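Dear colleague,

I am passing on a structure that I have been going through, and I would be glad if you could look at it alongside the notes below.

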Amino acid sequence: MARTAARQPVPARRADAERNIAAILEAGTRLLSADPTASVADIAKAAGVGRVTLYGHFASREALVDAVLDHAVDTAEAVLADDSIETAPAPEAMARLLRSSWEVLDRHRRLFLAADRVLATERIREHHEKPLRRVERLIVRGQREGGFRTDLPPAWLVTTFFSIIHSAAQEREAGRLAPDEVEPVLVKTMLSLLTPARP
């Protein structure tokens, strides 16, 4: 009986840990999306936990930012899921995907600036593998249907999509692109790159 009683609090501790992690990720997403320099102490306070508790789950600021970025991308993936992107003509679908992607990224652009400061570019790219697979499917379909150029490999065009949209976030944050300029600039840039050359 004593052994059973001793083990009973473990599920409660696990549930507490999961709640703490969820609170930390939510607070981290909110604060870093507002201020890329938000401190670990600020995030812990906003999450309602102590710094020791936060560091018990995330050993460093880098680990915390990594987890927060993963959380934000997962949340964005649900927003970006749109069946019409799979069926609309490829150029129209690409414009729609760029607009919805920018809406999400613009809300979190400062989080991505925070990630740029502590994570390698390749690690940031890894977090985007799932949404980028959607981009690749669209590009491949567009090439097959004749709506997109075929003289460049899909993988390179996906990398270009990733680079352009994140560069737009940096330009927007630096004030070199006005808020109402970003979306049309993104669409024109990417579609001009994808359009097949005229015979």
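Predicted model: local features only at pLDDT ≥ 70, side-chain atom pairs only at ≥ 80, totals over all residues.

Residues are numbered from 1 along each chain as its sequence is written, and side-chain values use heavy atoms, with hydrogens and water left out.

The structure holds 13 salt bridges, each being a side-chain nitrogen of Lys or Arg within 4 Å of a carboxyl oxygen of Asp or Glu. Asp106, Arg109, Arg110 and Glu173 are joined in a network of such bridges. Within it, Arg109 pairs with Asp106 at 2.7 Å, N to O, and Glu173 pairs with Arg110 at 2.9 Å, N to O. Because Glu173 lies in helix α11 (residues 154-174) and Arg110 in helix α8 (residues 109-118), the latter pair ties together parts that are 63 residues apart in sequence; helices here are DSSP runs (H or I, at least four residues), numbered from the N terminus.

Arg125, in helix α9 (residues 121-127), counts as buried at 17% relative accessibility, where buried means under 20% relative accessible area, exposed over 50% and partly exposed in between (1.4 Å probe, protein chains only). The side chain of Arg125 forms a salt bridge with that of Glu129 (3.5 Å, N to O), and Glu129 is partly exposed at 33%. The charged end of Arg125 also sits over the ring of Phe162, 5.6 Å from its centre, the criterion being CZ of Arg or NZ of Lys within 6 Å of the ring centre and within 35 degrees of the ring normal.

How values were computed:
Helix = DSSP H or I, 4+ residues; strand = E, 2+ residues; numbered from the N terminus.
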